[in-house]
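Biologist: Hello! Could you walk me through this model and show me how each conclusion is reached?

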Amino acid sequence: MSTVRNPLTGWAERELVPATPAQLADLAAELRERAGGWRRADRSEVLSAFAAALAADDDLLAALVADTGRVGESSLERRLAADLVGRWAREAPALLAPPEPFAASAPGIVVGGDMVPYDLVGVLSPWNLPLLMALIDAAPALAAGCSVLVKPSEVTPRFIEPLMRLVPPELPLRVVEGDGETGAALVGMVDAVVFTGSVETGRRVAEAAARAFVPAFLELGGKDPAIVLAGADLDRAASAILWGGTANAGQSCQSIERVYVEHDVHDDFLDLLASKAARVGLTCEGGPIGPLIRPGHEQVIAAQLADATARGAIVHTGGEIERHGGGHWCRPTVLSGVTHEMRVMTEETFGPLLPVMAVAGAEEAVALANDSVYGLSAAVFAASEQDAMEVAARLRVGAVSINDASLTALVHEGEKDSFGLSGLGRSRMGAASIRRFLRRRAFLVNRSPAADPWWHPLEKE
């Protein structure tokens, strides 16, 4: 049985208590039974009450802090989660309005329809933003009229109990503690599954969903590039990229993980970035950078650093895994002299590393940015919005922040699809997010009293 570790102390505080297959099956059956009543309920009112409870509960915030070792970012996460639920409560009714009937090309036929929610949606959510990532898919599914069963990561299960205390009795949402086996069992019990995590696990979820013949929506890894061109506001670019690459200690799928800077401004940008990074401290010192949450992930970051320095990369700030109070930490680490032969430029890091590479211009920057198996998001900084947009339009990613970085962490209105190994299925952002959980049904009404011209001709009697 696995243990639940404290990221600040490194101590195993308790054993994980996964839901048994029988318990999971009972929960799934209960949620299915409640689906019909939930579709007829005033879902907006219930979700609004849930959002208000999320925003104000200090026990939930304390559990998030214990799960992740962060303070300020956990407070932001709670606010973003509450805002997310509240937004779906407000916007869902208009998005769920049935389409207007229209005349078909066939004579006399009118096409109408409605949208039918899945009875039960399963959500397998990650450890990096436990509350937000549990609700980013659960909230639109609930707003659509589905019941939802969530299995968060076994790394960060403390928030489950206080969260479940806040769930209104009318809301068909259950969040269960469990491990990989629990998640695998869940896939076979639901009508659609959403997974956020690694490519390796995402493949297994997709295969299991295919065997169960249910749709799978996957949000997987990223290796997001930032491009800085001559003429850009370098001070702004350095601040945005520093935040985009080190917020949540870089433990976010949309983190900036590689930076391509036009040669003429490379040195000035590098100096600004390193100067700013050196002034950003760890939370144990009163700064914003929290500990590394997942046990063992410090080894991945250390291996990438060792590979880069062995191949000639220069470390300007940070560059080491530190131990404080038993937890593992990594300061914002700015590297230069990097190439695509280094793992830090091609493999997902999920840590606060910012490797900076000089390029001849936009052509080379785009080619290198697209030289990746991932295609989640990117950032472009240029002298003008038009210049940045011309570069953005050539990037093989789902979203591009213009003269800013990692905006998809805060702006949920923009629909985007993942490219490459970064995901599969429709956008979890914008109106498409709620439509993932609905099946379109068409009503084909013949309003003509005449015989249809395509019917079989009958022989005369």
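Modeller: Gladly! Keep in mind that this is a predicted model. Its accessible surface comes to about 19700 Å², and 54% of that belongs to carbon and sulfur atoms.

Biologist: What makes the protein as compact as a globular protein of that length?

Modeller: Let's start with its elements: the protein has 14 helices and 22 strands. The globule rule gives 23 Å for 461 residues, and the radius of gyration here is 25 Å, which is close to that value, so the protein is as compact as a globular protein of that length. Along the principal axes, the C-alpha trace spans about 95 × 50 × 35 Å.

Biologist: How many of the residues count as buried?

Modeller: Buried means under 20% relative accessible area. By that cut-off, 56% of the 461 residues count as buried.

Biologist: Which residues of helix α3 are buried?

Modeller: Helix α3 covers residues 58-68, and its buried residues are L60, L61, A63, L64, D67 and T68.

Biologist: And how do you know that they lie on the same side of α3?

Modeller: Look at the arc: these residues cover only 160° around the axis, which puts them on the same side of α3.

Biologist: What covers the buried residues of α3?

Modeller: The cover includes α2 (43-56), α4 (72-95), α5 (130-144) and α6 (160-166).

Biologist: What about contacts across the whole protein, and its charges?

Modeller: Taking contacts between residues at least 6 apart in sequence, 73% join residues at least 24 apart. As for charges, there are 41 positive and 59 negative side chains, and the centres of the two sets lie 5 Å apart.

Key:
Residues numbered from 1 in each chain as written. Predicted model: local features only at pLDDT ≥ 70, side-chain atom pairs only at ≥ 80, totals over all residues. Heavy atoms only, no water. Helix = DSSP H or I, 4+ residues; strand = E, 2+ residues; numbered from the N terminus. Rg over C-alpha atoms; globule rule 2.2 N^0.38 Å. Buried < 20%, exposed > 50% of the residue type's maximum accessible area, 1.4 Å probe, protein only. Contact = heavy atoms within 4.5 Å. Areas by Shrake-Rupley, 256 points an atom, 1.4 Å probe, with all protein chains shown as cover. Lys, Arg positive; Asp, Glu negative; His and termini not counted. Charge placed at Lys NZ, Arg CZ, Asp CG, Glu CD. Arc of directions from axis to C-beta.
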